[in-house]
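This report describes one protein chain at the level of its overall form and of selected residues. The sequence and the structure are shown below, and the description follows them.

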Amino acid sequence: MYKTLGIIGGLGPLATAYFYELITNMTEVARDQDHLEILIHSAPSIPDRTAYILGKSDENPLPRMAEIGKELAVNGAELIAIPCITAHFFHHDLDNIIPVPILNLPVEVAKYLKSEGIKKAGIMATDGTIESGLFQKALSAEGIESEIPSPDRQKDVMHIIYEDVKVGKDPETEPFNRVRSELKEKGCEVIILGCTELSILKRNKMTGPGFLDAMEVLAKRSVEECGAPLREEYEHLITK
């Protein structure tokens, strides 16, 4: 029997829906009954993680995430995934509150890049994720150098996340291309799509070669840690 996966979702809803789709597509099955048992609690009312981390809001998202995680565990979840990268700022606290393991997305991304022999990676993520150093610390621990966008290009990243994807618009090409060009010019071998909203860029085939969707790593590790077989085409996730 596979482990039951619990998902703290709604951060945002489109990212959660896409994460569920990724897990479904990544699992090697012959029939419906071969898929993972998954419990999803989509809670878009959870306060904004970036605003809290940057001190722009005093609404702490931790209590609600912890409450949902405990609820999922009570209802049978044996592993927790959170398809919101900025939320992993709270991973240590959540890990001490929720009684089942929680996948650490930045750490899993860094381990994956090391396994692929990457030495330098660029990071596209929210201001909160960048400010907290989640990816920078995880990459450094694996001996990987990291680069972040300049202030102007970071504004482009935030525009794509908050003014396009989170409000249901297709991501704009020009801001994305500006960020990609800058990070490639800095010598990045791979650019991490380090926000679950940015996963939509890859889904919409906007990225081109040399990108790693962090949410695909989370989905891959969710399948593997739950004990289900992974489809062969998802062994290597960096775009060609």
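## Lys205 and its loop

Lys205 is exposed, with a relative accessible area of 75%; here buried means under 20% relative accessible area, exposed over 50%, and partly exposed in between, for a 1.4 Å probe and protein chains only. The residue is found in the loop between helix H10 (199-203) and strand S7 (211-213). Helices (H or I, at least four residues) and strands (E, at least two) are DSSP runs, numbered from the N terminus. Phi of Lys205 is near 60°, a positive value in a residue other than glycine.

## Basis of the model

This is a predicted model, in which local features need pLDDT of at least 70 and side-chain atom pairs count only at pLDDT 80 or more, while totals for chains, interfaces and linings use all residues. Residues are numbered from 1 along each chain as its sequence is written, and side-chain values use heavy atoms, with hydrogens and water left out.

## Overall form

The chain contains 11 helices and seven strands. Its radius of gyration is 17 Å, close to the 18 Å that the globule rule gives for 240 residues, so the chain is as compact as a globular protein of that length. The radius is taken over C-alpha atoms, and the globule rule is 2.2 Å times the number of residues to the power 0.38. Along its principal axes the C-alpha trace spans about 45 × 45 × 35 Å.

Of the 240 residues, 55% count as buried. Among contacts with a separation of 6 or more, 74% are between residues 24 or more positions apart; contact means heavy atoms within 4.5 Å.

## Surface and charge

The accessible surface of the chain comes to about 10700 Å², and carbon and sulfur atoms hold 47% of that area. Accessible areas come from the Shrake-Rupley method with a 1.4 Å probe, and for residues only the protein chains shown count as cover.

There are 26 positive and 38 negative side chains, and the centres of the two sets lie 3 Å apart. Lys and Arg count as positive and Asp and Glu as negative, whereas His and the chain ends are not counted. Each charge is placed at NZ of Lys, CZ of Arg, CG of Asp or CD of Glu.

## Cysteines

The structure holds zero disulfides, a disulfide being a pair of cysteine sulfur atoms within 2.5 Å. Cys84 is in no disulfide, and the nearest cysteine sulfur, that of Cys195, is 6.9 Å away. For Cys195, the closest cysteine sulfur is in Cys84, at a distance of 6.9 Å that is too far for a bond. Cys84 counts as buried at 5% relative accessibility, and Cys195 is buried with a relative accessible area of 6%.

Gly12 is found in the loop between strand S1 (5-9) and H1. A cis peptide bond joins Leu11 and Gly12, with omega about 5°. Pro13 has its place in helix H1 and is partly exposed at 47% relative accessibility. The C-alpha atoms of Pro13 and Val190, 177 residues apart along the chain, are separated by 27 Å.

Thr16 also lies in helix H1 (residues 13-26), where it counts as buried at 5% relative accessibility. Beyond residues up to four places away in sequence, Thr16 touches Ile7, Gly9, Gly10, Leu11, Ile40 and Pro83.

The buried residues in helix H7 (residues 134-141) include Leu134, Phe135, Gln136, Ala138 and Leu139. Their cover includes helix H5 (105-115), strand S4 (120-124), helix H6 (127-132), strand S5 (145-147), strand S6 (190-193) and helix H11 (214-225).

Just after H7, Gly143 takes a positive phi of about 75°. Gly143 is placed in the loop between H7 and S5 and is exposed, with a relative accessible area of 58%.

## Thr239 after helix H11

Thr239 is found in the segment after H11 and is buried, with a relative accessible area of 15%. Leaving aside neighbours within four places in sequence, Thr239 is in contact with Lys202, Thr207, Gly208, Pro209, Gly210 and Phe211. Thr239 and Cys188 are 51 residues apart in sequence and 14 Å apart in space, C-alpha to C-alpha.
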